[in-house]
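Here is a short tour of the structure shown below. Please keep the view open while you read.

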Amino acid sequence: MTAALSAPDLAARLEKEFPGAIVESNADSLVVDSVKLPDIASFLKNTPELDFDYLTNLTAVDYKEHFELVYHLLSISRNHSLTLKTRCYDRENPTVPSLVALWNAADLQEREVYDLFGIVFSGHPNMKRIFLWEGFPGYPLRKDFGDGV
Amino acid sequence: MTMPLIGSDALSYAEALPPDWPGSFWAHIFFWVILLILFITVIVLLFTWLERRWLGRLQIRPGPNRAGPFGLLQPIADVFKLLLKEDIVPDKADKWVHWLAPVVALAPALLVFAVIPFQDGALLADLNIGILFILAVSSMVVIGVFMAGWGSSNKYSLLGAMRTIAQEISYEIPLVLSIVGVIIISGTLSLNEMVKAQQDVAFIFVQPLGFIIYITAALAEVARTPFDLIEADSELVAGFHTEYSGMKFALFFLVEYAETLAVAAIATTLFLGGWQGPFLPPWMWFIIKLFAVFMFIIWVRGTLPRLRIDQVMGFAWKFLLPLALINVVITGVEVLAWPDAPLLALGIINLVVAAVLVLLMSKLFKLGGGRVPV
Amino acid sequence: MFPFERYGKGIAKGMAVTFKHFGRKWITTQYPEQKLNMSRRIRGTDIIWVRETCIACQACARACPVGAIEMQVSRGEDKKLKVDFMSIDFSLCIFCGLCIEPCPPGNAIYMSHNYERTTYRCTDISAGHEDITPSDKRCNELIVVGDDLEMAEGKRKSAYGRPDEYEKLPRQTLLLEQIQYLDDMRKKWG
Amino acid sequence: MAFKTEHFMLNVGPQHPSTHGVFRMRFTLDGEVIVDLEPIFGYLHRGIEKLAEDRTYTQNIPFTDRLDYLASMTSNQAYCMAVEKLAGITVPERAEYIRVIMSELQRIASHLAGIGFFLQDLGAFMTPLLYMFREREKIVDLFDMVCGQRLNYNYLRFGGLSQDIPPEFIPALKKLVNALPGFIDEYDRLISENEVFLVRTKGVGILSREMAISSAAAGPVLRGSDVNWDIRKSNPYSVYDRFEFDIPVAKTGDSFDRYWVRLQEMRQSVRIIEQAIEQLPEGDVQAKVSRLLKPPAGDAYVSIEGPKGEIGFYLVSDGSVKPYRWRVRPPCFINLTTLRDIIIGWKVADAMVIFGSIDIVLGEVDR
């Protein structure tokens, strides 16, 4: 069975490494500060007993007052998983650091999130729209899409 | 005078006229030109029908069966469809080249049949250098194909045409060398004489390696699977004739099948004993063998995937060419050392040699190359 | 061990396989003449509505993911709901069958067992309209209203979500069973 | 003498015979060698994720059919399992077994189509494709029997199935399962040893192990690259822990290995189905679930092993009848992450082979 790592335990450990980075942690997910995200992700990937080498799924959710980015991480060698989240409160110019350097899988999925939510991933080598054409008005998966029409 | 169009009567009529009789020269030419054009058209129509039917049966489906009994009228329907289609010339095409290409391709494909004997002496021109004529003329088709690829101003067409040039020129060489073995044994360049030399044993048994090389190279010459990368539909859409429609496409279609027909006819003549055969009239034997070769080609097409361009070229230069050269040398040595050997004995020796050579060559077969660092 | 491989053995094997298929029965059917029995649960290209048993609850209209069903109801004099207008837009319908399941009486709406909606002319889809070449008008042709939705000659109810209908329908022809039709066809079409 | 050469652009698709739909690639070519590649998506983008936010949970099941239309059953299953996790529904055992049978049949059907089209891209004119479609047809017939359609099944429901399997299903399935291994052997004979096939696929388009993991490749693409990872084994969902089966893993990660893994997986699927038929219990196929499901607020991510790879659903509920966020983890789309890296340096002809060996369905890539 793929064991879901206990987020509070991990949070305690991460708090030691990165003080103040953990925003919230509940039973199944860990919410971190978006500024510290690359450091934490790199720690998760490179620490031998964590070894999260596989970024299964990357997506975003629009909670109206903020965007939440969800990263489902998996360790193939240790067979455990973690849900990592980060938040982005800026609606006009949402920016989150990109994780392409760590997991290549983030490449297309970050572009997809950019296309449909308008969240810019700083450091992504090719931040262009992917499904819709350049110049498409608005970002369809935002909850306020189409409100102004 | 009534003139039956096809049949042994017509053929003997053509034989009966002495070529040096004034006027009969032209009568002979005229008769044969009409006969050959009819023959090619009818056989090509039959070939398209046969290809689709036979391929269908290999693929557990019936194939075309609506138009006429057994779908026999399907090719006619296709011809009408093609004739009625709009003839599209792309805007940026080189109009003259685009128009001329099918004609340039068609002419040499038809010319080949001038020297193919349908039965003893029944041919348009019994050239004493018949086989050289075929080789010279058939390689001209490439020009038409390249004109089509260039004139269409389409990148797929151009890629297809470039592949054509590379492939067809490379495969000329093993093709010619594989025929040289037959020439050495029969001691003549005239196709009619070659068929006569196969009175007892067809050359496929005497020159097994030559036959394998010939068929492989010929498949490449006429761009049939596994060498159909000229028009590789999954890569280049349709290769050089991507931009052709209607009548001009029909001409290319005709060229393609006429070439296949020519190749099958040459294989029949050189290796399968031409019109030789018991019971049936000779021309019928010729046509039966023609269809047998064609069905083999279709069968190969129904089974094999296609090669890549560098593999195709490598195969010609690294495998077929050495094999063909060795074959020529061995045949020459045999004929010199044992001039009046029974052909069958030579055949057995050659078969063993062929098997050993093919097995040895298979050791050189490498997988997995082809990436170019960029 | 034979020290050689890849001398053409694989090609020969493959060609043997294709040659074997030459003698096999073919598996395609000659469609307009040869028709197979569809699955008894087929979600055919029609929906059958039964006015008599319909209790005008609009469950089907609410279940439809694409909003193809339109139903207007009103209370009659006897305080019972009755359907004033019912239409299904078959240009929207995705034939998912979700409208069949929530039906409370369980016998007011059926998928049909018919699967052929093709015609030679667009005017044949629904009679009486001859000037319907523009595509926007053609879409309207696919909105089927009221009585046309009900059972008619040639229509057959499918057993999708309706087990009662199951035994009434012919057995499905499975390719797996290589039924007689293949032989018949072979004789007929050579 | 050095020739002055120029790179040129070749636009492949969206209407190209071997892009498996409306995918588009822009090659930069040096002769026939690909020096750069830009994949262009979105020609089949229907905004399913947005549409789903406006529909109830049940109404979204037909949309999952339209993602990977060659493997609707597994999409159905992944979505239903995600909703079941969100709402805490348990599925009756019989339904779980039928789900397993369906998803394994679907795996065989999808792999048959995948291999068939792959060989078609290789230039084997229609023959392997038609042979494989013959078997796929038999499987699709069975799907037709249980759910009434051949492509968009819409068969699974939250807490079970829309209806039980008909009585003639199991005999037909047994017949199919008995015949399938023979046919798979025949495919093996038809092409696996073919020299032309080997020379085209062996060593072509190698996806290294590190690259495969880092790019989150899934399914046969991942297992072709020497990663022993199958969710059915590593995180047994449904009743997969009750069956014996192996995970075929290949070493080099080339096109041939991806093909080989698919072929072997079909054999394993047959094994699973055989065991599932034996163990199939009697009973109900549908748990009691409200028609208008209102899962409690929260989120859930469930992924299962689909034929193309890990298909997952991430659902966020706000307690209403409609999902707040409905996200698919599309295996086909994510498998394409590596496309550029493994194609560059090969020739145009290889590009089609490599692309075909990844086996994508555009409905899922673009959604």
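Let's begin with a surface feature: helix 3 of chain B, residues 74–84, gives the largest share of a nonpolar patch, namely five residues. Helices here are DSSP runs of H or I with at least four residues, strands are runs of E with at least two, and both are numbered from the N terminus. The patch is formed by Leu73(B), Ile76(B), Val79(B), Phe80(B), Leu83(B), Leu84(B) and Met247(B), with about 670 Å² of accessible area together. Such patches take residues with over 30% relative accessible area and no salt bridge, joining nonpolar side chains (Val, Leu, Ile, Met, Phe, Trp, Tyr) within 5 Å and like charges within 9 Å. Accessible areas follow the Shrake-Rupley method with a 1.4 Å probe, and for residues only the protein chains shown count as cover. Leu84(B) lies in helix 3 of chain B and is exposed, at a relative accessible area of 73%; exposed means over 50%, buried under 20% and partly exposed in between (1.4 Å probe, protein chains only).

This is a predicted model, in which local features need pLDDT of at least 70 and side-chain atom pairs pLDDT 80 or more, while totals for chains, interfaces and linings use all residues. Residues are numbered from 1 along each chain as its sequence is written, chains are lettered from A and ligands numbered from 1 in the order in which they are written, and side-chain values use heavy atoms, without hydrogens and water.

Now to chain C, summarised here.

| Property of chain C | Value |
|---|---|
| Helices and strands | four helices, five strands |
| Buried residues | 43% of 190 residues |

Along the sequence, chain C reads α-β-α-β-β-β-α-β-α.

How many residues of chain C are in contact with chain D? There are 41, meeting 41 residues of chain D, where contact means heavy atoms within 4.5 Å. The two chains bury about 3,500 Å² between them, 51% of it on carbon and sulfur atoms; buried area is the accessible area (1.4 Å probe) that two parts lose on being put together, summed over both. Arg41(C), Arg43(C) and Leu176(C) supply 20% of the area that chain C buries against chain D, more than any other three residues.

Four salt bridges are counted between chain C and chain D, each a side-chain nitrogen of Lys or Arg within 4 Å of a carboxyl oxygen of Asp or Glu. Arg40(C) and Glu168(D) meet in a salt bridge at 3.2 Å, N to O.
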